[in-house]
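Please open the structure in your viewer and keep the selection tool ready. The tour goes from stop to stop, saying what to select and what is there.

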Amino acid sequence: MARRPNPRHGTANRGDPNRPRFYGRHAVLAALDNPARVKRKLWLTPETQRQISVPSDFQVQIGDAADLARLVPNDAPHQGMVLEVEPLENPWLGDVLAEAEGGHGPILVLDQVTDPHNVGAILRSAAAFDAVAIVTQDRHAPPESGALAKAASGTLEIVPWVRVVNLARSLDEIGEANYWRIGLAGGVDATLGDALGTTRPALVLGAEGEGLRPNTATHCDELARLPISDKVESLNVSNAAAIALYAAAARQL
């Protein structure tokens, strides 16, 4: 394994700042284990070097915790691991729908949810409740990043993330694949439990504050609300996604 150069002569090769850099044990180890993920460079501390096994031909650089901290955003909890990667290839929606045909798992559709922490947390819930995929509009979704991968806690590597050009057209395709498209919204009579029934749902969630865009709502089969207390106006979108996924999973079909 390569050794860190003398600090007096500068820090180690910093790699390509335009590539995503993952940090933290769950995000890094999951990416290392994913054969579909192209890995470019790994930085470890001496402590973490002794804890994990990497191929002998893989580019690894050893540095102390302060060296690794300079590779990631301020105060990012790197836990002695930083991995530079290429983004995963974008799966085709049609392929995902075909592979899932005959199953019962839900799909999550996110309408302009742009916060990487929320998308990462939603990926984690999607994995926990066996969602088929998450679907986002490419222009209105965050890129892969260390913050998103950290929030996803390794599930970025296992939940298909489909980025589409036209969300309304994709909702039509999802409906043609026999999913019942339920848009989560406030101010409607039906609750999510009412809408779910025995359907195979595509759960459609909008951004916090703005909610679903009108055009997105018109491409849903039904709008439904989470029956929350009037003590709060709304839930964080990642919390709402987790509750909706649990509700879908808890039904007796």
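**Stop 1: Val 38**

Select Val 38, which is partly exposed, with a relative accessible area of 39%. The model you are looking at is predicted. Val 38 sits in the loop that joins helix H1 (25-33) to strand E2 (39-44). Along the chain, Val 38 and Val 85 are 47 residues apart, yet their C-alpha atoms are separated by 5.8 Å. Leaving aside residues up to four places away in sequence, Val 38 touches Val 85 and Glu 86.

**Stop 2: Thr 45**

Move on to Thr 45, in the loop between E2 and helix H2 (46-49). Is Thr 45 buried or exposed? Its relative accessible area is 5%, and because the cut-off for buried is under 20%, Thr 45 counts as buried. To see what surrounds Thr 45, show Ile 62, Gly 63, Asp 64, Ala 65, Leu 68 and Gly 80; Thr 45 touches each of these, with residues up to four places away in sequence not counted.

**Stop 3: the whole chain**

Clear the selection and zoom out. The chain has 10 helices and 10 strands. Its C-alpha atoms fill a box of roughly 65 × 40 × 35 Å, taken along the principal axes. Of the 253 residues in the chain, 48% are buried. Among contacts with a separation of 6 or more, 75% are between residues 24 or more positions apart.

**Stop 4: helix H4**

Select residues 93-100, which form helix H4. Colour Leu 93, Val 96, Leu 97 and Ala 100, the buried residues of H4. Turn the view to look down the axis of H4: the buried residues fall within an arc of 95 degrees, so they line one face of the helix. On the other side of H4, Asp 95 and Glu 99 are exposed.

What covers the buried residues of H4? The cover includes strand E5 (107-111), strand E6 (133-137), strand E7 (161-164) and helix H7. Before leaving, click on Gly 102, which follows H4 and has a positive phi, near 90 degrees.

**Stop 5: H4 against H7**

Two packed helices are described by the angle between their axes and the distance between the axes. H4 passes H7 in a right-handed crossing.

For the contact, show side chains on both helices. Leu 93, Gly 94 and Leu 97 in H4 meet Ser 170, Glu 173 and Ile 174 in H7. By class, this contact has three nonpolar, two polar and one charged residues.

**Stop 6: H5 against H10**

Last, select helix H5 (residues 116-128) and helix H10 (residues 237-249). At what angle do H5 and H10 pack? The angle is about 10 degrees, with the axes 8 Å apart. H5 and H10 are therefore roughly parallel to each other. Their crossing is right-handed.

On the H5 side of the contact, show Asn 118, Ala 121, Ile 122, Ser 125 and Ala 126. They meet Val 237, Ser 238, Ala 241, Ala 242 and Leu 245 in H10. The residues of this contact divide into seven nonpolar, three polar and no charged.

Technical notes: Residues numbered from 1 in each chain as written. Predicted model: local features only at pLDDT ≥ 70, side-chain atom pairs only at ≥ 80, totals over all residues. Heavy atoms only, no water. Axes fitted to C-alpha atoms, helices over the stretch in contact; angles between N-to-C directions. Helix = DSSP H or I, 4+ residues; strand = E, 2+ residues; numbered from the N terminus. Left-handed = near helix turned anticlockwise from the far one by under 90°. Contact = heavy atoms within 4.5 Å. Nonpolar A, V, L, I, M, F, W, Y, C, P; charged D, E, K, R; others polar. Buried < 20%, exposed > 50% of the residue type's maximum accessible area, 1.4 Å probe, protein only. Arc of directions from axis to C-beta. Parallel < 35°, antiparallel > 145°, perpendicular 65-115°, else oblique.
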